[in-house]
Amino acid sequence: MASQPNHKPPNHPTILIYGITGNTTKAKLWKPAARLMEWMTEHEIPFRLAPDVGLGLVKRELMAPETVRELACDDLPDVCDVLVSFGGDGTMLGTAASVGDRGVPILGVNIGRLGFLADIEIAQIESAIRQLEAGRYRVEDRTVLLGDAGDGVHRFALNEFVLKREASGTMISIRVEVDGRYLNTYWCDGLIVATSTGSTAYSLSAGGPIIEPGSGVILITPLAPHTLTVRPILVPNTAIVEAVVDAHGESYTLSYDGKSFVFPDTHSTIRIQRAQHTVKLIKLPDQDYFDTLREKLGWGR
């Protein structure tokens with residue numbers, strides 16, 4: 001499903017329960033998260049928190065153990081209406097994976113570097129919660145890809161799937177069909193199949209285009225192709241992309257949103273298509289994708 005940036009929340013007031021999660025390996029997480037929870041408590045805004053976040057707050061003496069025991073929840077998407085994810089884009093991908101197809105929207109707070117997905121800055125977080133409480137926000141539905149490697153495992157990616165050689169110094173051959181129509185056989189280091197959301201991730205560093213998230217396309221980007229005229233190509237996000245990999249006796253990897261699987265079989269087929277569910281991202285009224293691009297990529301500086 002394509003992004004729907006104009007989808008609006010209900011106009012009637014609702015009580016939202018917030019789930020607070022984040023990247024516990026980042027030192028920048030703890031004080032802002034503790035301040036937010038203190039502020040939410042003062043304003044009687046209900047929230048729960050991920051157990052690892054709670055444990056870290058207790059270790060740093062930023063929250064009492066009995067409070068954490070009361071508020072910690074093993075599965076935030078089951079009990080919360082909104083997830084507040086502190087971290088970078090990698091953290092957001094992990095949060096999206098934890099939500100799965102349950103449709104809980106995510107508000108990303110950037111404590112990383114770029115932050116295309118986590119695009120609320122720490123200084124904005126209290127203002128952002130106020131706007132959510134007032135119903136002044138929109139929800140963007142972002143396309144998710146489903147990958148089928150023939151092993152019965154459903155793999156989902158908000159950003160991209162990547163087929164890549166495991167050994168250095170050798171290329172792999174990847175024959176690609178789109179809706180049963182032959183596209184090309186790529187001699188390359190690997191191949192990226194990305195969503196519009198993922199166009200600013202790995203594909204961008206490989207020379208792929210930037211795609212506005214509502215464009216409704218799937219991006220196919222080769223990694224270091226043997227033929228220079230082979231370029232990235234866009235296909236509709238209703239398409240089914242089949243990649244037949246010949247790794248010439250070597251193993252290769254299938255990566256998806258930071259997870260990797262090594263194929264010992266050197267000749268196999270990967271089927272990638274749009275998933276039935278989307279990832280829902282919360283955006284505030286003053287947020288605009290093009291503003292984010294200019295800011296994060298430093299255009300005009």
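# Pockets, cores and cut-offs

Tutor: About 330 Å³ is the volume of the second largest pocket. This is a predicted model, where local features need pLDDT of at least 70 and side-chain atom pairs pLDDT 80 or more, while totals for chains, interfaces and linings use all residues. Residues are numbered from 1 along each chain as its sequence is written, and side-chain values use heavy atoms, without hydrogens or water.

Student: What makes a space a pocket rather than a cavity?

Tutor: On a 1 Å grid over the protein atoms alone, a pocket is an open set of points with protein on both sides within 12 Å along at least five of seven lines, whereas in a cavity a 1.4 Å probe fits but cannot get out. The points are joined across faces, edges and corners, and volume is the space filled by probe spheres set on them.

Student: What classes of residue make up the lining of the second largest pocket?

Tutor: Four nonpolar, six polar and eight charged. Asp, Glu, Lys and Arg count as charged; Ala, Val, Leu, Ile, Met, Phe, Trp, Tyr, Cys and Pro as nonpolar; the others, Gly among them, as polar.

Student: What is the volume of the largest pocket?

Tutor: About 530 Å³. Its lining has 25 residues, with D89, G90, L93, N159 and A201 closest to the centre. Helix 5 (89-99), strand 8 (160-165), helix 7 (202-205) and strand 15 (252-256) each give two or more. By class, that lining is eight nonpolar, eleven polar and six charged.

Student: Why is N110 called buried?

Tutor: Its relative accessibility is 6%. Buried means under 20%, exposed over 50% and partly exposed in between (1.4 Å probe, protein chains only). Therefore N110 counts as buried. N110 sits in strand 4 (residues 106-110).

Student: What does the side chain of N110 make a polar contact with?

Tutor: The side chain of E121, at 3.4 Å. The limit for such a pair of N or O atoms is 3.5 Å; within protein, one must be able to donate a hydrogen and the other to accept it, and residues adjacent in sequence count only if both atoms are side-chain atoms.

Student: Why is K31 called exposed?

Tutor: K31 has a relative accessible area of 58%, so it is exposed. K31 lies in helix 1.

Student: Which residues have the most contacts inside the largest nonpolar core?

Tutor: Y18, I20, L36, M37, V84, F86 and I129, in a core of 53 residues. Helix 1 (residues 30-42) gives the most to this core, seven residues. A second, separate core has 28 residues, including F161 and I270. A core is a set of buried Ala, Val, Leu, Ile, Met, Phe, Trp, Tyr and Cys residues joined through side-chain atoms within 4.5 Å.

Note on methods
Helix = DSSP H or I, 4+ residues; strand = E, 2+ residues; numbered from the N terminus. 1 Å grid on protein atoms, 1.4 Å probe; cavity = no way out; pocket = protein on both sides within 12 Å on 5 of 7 lines; lining within 4 Å.
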